[in-house]
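Please look at the chain shown here before reading on, and try to trace its strands and helices for yourself. The report is meant to be read alongside the sequence and the structure.

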Amino acid sequence: MQQPIMTSVAFLSQASAPADPSNDEDRATATDLRDTLAAHRGECVGMAANMIGVAKRIIVFQDKENNRNAIMFNPRIIAGSDPFDTAEGCLSVTYQARSGREYTTAFDGFTAQIIQHEIDHVNGIII
């Protein structure tokens, strides 16, 4: 279900807690996050759970390469190359899917930039 966007800088500046993809509340948050992103598709390409008022490490982003909104639980950047002109060159991320299975995936270009930005959000970094 679409949720209102959180605007409290004090809340958004706090690092988020780990999420559990097997927990019904965290899975519901992921669904709400996906629905909220879809409702804001015209002006937004990614969101973190704290942006809808839930301090959990869950992000969703438009994966235009695969034509879907992708959800990540507990994403961590594990490798990256030097950024070029505000765009991430390459980025490796470890995360859990809704199934709980852990993945490590490399991203580049605009998708890497979106993921970096949303991981900053769950770490309490406001840009």
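Predicted model: local features only at pLDDT ≥ 70, side-chain atom pairs only at ≥ 80, totals over all residues.

What follows is a description of selected strands, helices and residues.

The mean pLDDT of the chain is 89, and 93% of the residues reach 70 or more. Within the chain, confidence is highest in helix α2, with a mean of 96, and lowest in strand β4 (residues 90-96), with a mean of 87.

Strand β2 covers residues 58-63, and six of its six residues are buried. In a regular strand the side chains alternate between the two faces of the sheet. In β2, Ile 58, Val 60 and Gln 62 lie on one side and Ile 59, Phe 61 and Asp 63 on the other, and both of these faces are covered.

| Residue | Opposite residue | Strand of the opposite residue |
|---|---|---|
| Ile 58 | Phe 73 | β3 |
| Phe 61 | Ala 70 | β3 |
| Ile 77 | Val 93 | β4 |

How many residues lie between β2 and β3 in the hairpin that they form? There are four residues between the two strands, and one in the turn, Asn 67, has a positive phi of about 55 degrees. Most residues other than glycine have a negative phi, which gives a reason to look at such a value with care. Asn 74, which is found in strand β3, likewise has a positive phi, near 55 degrees, although this residue is not glycine. Asn 74 counts as buried because its relative accessibility is 15%, and the cut-off for buried is under 20%.

Asn 66 has its place in the loop between β2 and β3, and with a relative accessible area of 47% this residue is partly exposed. From Asn 66 to Tyr 103 there are 37 residues in sequence, while the distance in space is 16 Å from C-alpha to C-alpha.

A polar atom of the Gln 62 side chain lies 3.1 Å from the backbone oxygen of Cys 44. Leaving aside residues up to four places away in sequence, Gln 62 touches Leu 37, Arg 41, Cys 44, Val 45, Arg 68, Asn 69 and Ile 114.

Helix α2 (residues 24-39) has 16 residues and reaches 22 Å from its first C-alpha to its last, which is close to the 22 Å expected at 1.5 Å a residue. At the start of α2, a side-chain oxygen of Asn 23 comes to within 2.7 Å of the backbone nitrogen of Glu 25. The buried residues of α2 are Asp 26, Thr 29, Ala 30, Asp 32, Leu 33, Thr 36 and Leu 37. Seen down the axis of α2, these buried residues fall within an arc of 165 degrees, so they line one face of the helix. An α-helix has 3.6 residues a turn, so residues three or four places apart point the same way. Strands β1, β2 and β3 are among the elements that cover the buried residues of α2.

Helix α3 (residues 109-122) has 14 residues and reaches 21 Å from its first C-alpha to its last, close to the 20 Å expected at 1.5 Å a residue. This helix is mostly covered, with 10 of its 14 residues buried, among them Thr 111, Ala 112, Ile 114, Ile 115 and His 121. What covers the buried residues of α3 includes α1 (9-12), β1, β2, β3, β4 and β5 (102-108). Just after α3, Gly 124 takes a positive phi of about 80 degrees.

Notes: Residues numbered from 1 in each chain as written. Heavy atoms only, no water. Buried < 20%, exposed > 50% of the residue type's maximum accessible area, 1.4 Å probe, protein only. Pairing = 2+ DSSP bridges. Expected span 1.5 Å × (residues − 1). Arc of directions from axis to C-beta. Contact = heavy atoms within 4.5 Å. Polar contact = N/O pair within 3.5 Å; in protein donor to acceptor, adjacent residues only side chain to side chain. pLDDT = per-residue confidence, 0-100.
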